[in-house]
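The sequence and structure come first, followed by notes grouped by topic.

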Amino acid sequence: NELISTEKFEKSLAYGDDKYSFGLKQGLFMFVESIILLCLGYLPYIWDLANQVALYLHLYTDKSDVYANTEISSPLRKEVMITMVFVIIMSLHDMIISLPFSLYSTFVVEEKHGFNKTTLGLFFKDKLLMIALMMILGIPILSVVIWVIRSTGQNFFLYVWLFLCLMSIVLMTIYPVYIAPLFNKYTKLDSGEVYDAIKELAVQVNFPLTQIYVVDGSKRSAHSNAYFYGFFKNKRIVLYDTLLDQVDISEVKAILGHEMGHWKLGHTLQGFLISQSYTLALFLCFSYIMNSPSLYTSFGFTYTNDSEMPVFIGLVLFTQTIWAPVDKILTFLVNCNSRINEFAADAFSNETLGYGYHLCTGLIKISIENLGCMVPDYYYSIYHYSHPPLVERLRAIKNSSKYVEIKESNENKKNSTKNKINENEVENIDLTDNNDNNSDDYEMVGGNTNKNKKKNGKIGIKKRD
């Protein structure tokens, strides 16, 4: 049995319940709001308002003025200017509507369970930064997309895809260097035991590591994370300071061994190709329906000719209606592929690097400290989770013929970067007798889930009869 303290398990249940309940209420509110706005003709109204604002600000002209020496703006300029104003108005609307939910999620739900470290000032600073980034990056990119669609004919989807593919590469390059530091402080790690251990691991798997950074994620949240970025021979690893507080050095190596497994097995490139294929498929399908009158008239827009129907409005209506069920199916398939890749990366860390035991203990500690769902509903997790549930990952690792159980002394258990995990909360991992992948076949023993409480106050995971 894998034993977890009753207190931690009950906290995990409470946290999951609060998040799910809050998400359900927020989703219901957003759904009702969208139906009401749809019935009231909100989108056509905002588009007309954006048109009036753009005219008032002289962003375009719809009639020549010989005295002011102005000419009628081109239809393309008119559409781009109105779209820019429309996006700003809609973004402000969405921000105002979602603000109470964001505040409640951060300062009530996350605060209640000990995760929130964000101050009110930092919260609003982040909001303003995101608005600024939307203005600086989002609106210009959208303007280019509109120009490409209007200028390149029926095969516009190919050119849009090429442009967005290029922008994806550019943004992936500049984000960690110029954008992410606007929100967090990244400290270069260039010496010490953790640095030496990671460098040794990188050499072992021929990972082209150039820099290691520690980010102050703890100034916003107690949740932990680790990732790498960079192209070709310029890879950089980022560790959250909260992660270093939760696991020891051997577990850091095991977790990063998992991440490097994604790189070694080609999962990073695969993910990029999948996302680009998704974008191409979306715009290809949109090209067949973009000029359909019913797409616009069904939602209150007046259709006169193809050139007057705004591209962005068509794209919004298409993605929210016709494409929505397709997106659900594709998301499910992508999640299935992602879970397969997670098992493969776990196997790499376990079988290739020999870190199976420390990967198990590291995953358990992270799950405990982040109050992750221990045994989610099987069918819910199949659809919604991009990562396999903890129990399934532990079982797959321990069922491997190359898994080696390590008995550590108490002194070794305490030899961590800043480890504050109670060593009694993680012990006795044994899931090797279990071959059933259905998480519903498991029950929690202890706490309020079973009347036969264990005397030691622990909760075990066992197979149902």
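Two strands count as paired if DSSP finds at least two bridges between them. The model described here is predicted. In it, strand 3 and strand 5 are joined by six bridges, and an open sheet contains four strands.

**Sheet**

- The strand order in the open sheet is 2-3-5-4, and the pairing is mixed.
- Strand 2 (186–188) and strand 4 (226–229) are the edge strands, each pairing on one side only.
- From one strand to the next, the twist averages 30°.

**Strands 3 and 5**

- Strand 3 covers residues 209–215 and strand 5 covers residues 235–240; the two run parallel.
- Val214 has Leu239 of strand 5 as its bridge partner.
- In general, strands of a sheet pair through backbone hydrogen bonds, in either a parallel or an antiparallel arrangement.

**Second largest pocket**

- The volume of the second largest pocket is about 710 Å³.
- Its lining consists of 25 residues, of which Ser34, Leu43, Met90, Val316 and Gln320 are the closest to the pocket centre.
- Helix 1 (6–39), helix 2 (42–56), helix 3 (75–112) and helix 11 (311–320) are the elements that each give two or more residues to this lining.
- Helix 3 contributes the most to the lining of the second largest pocket, at eight residues.
- By residue class, the lining of this pocket has 16 nonpolar, seven polar and two charged residues.

Technical notes
Residues numbered from 1 in each chain as written. Predicted model: local features only at pLDDT ≥ 70, side-chain atom pairs only at ≥ 80, totals over all residues. Heavy atoms only, no water. Axes fitted to C-alpha atoms, helices over the stretch in contact; angles between N-to-C directions. 1 Å grid on protein atoms, 1.4 Å probe; cavity = no way out; pocket = protein on both sides within 12 Å on 5 of 7 lines; lining within 4 Å. Points joined across faces, edges and corners; volume = space filled by probe spheres on them. Nonpolar A, V, L, I, M, F, W, Y, C, P; charged D, E, K, R; others polar.
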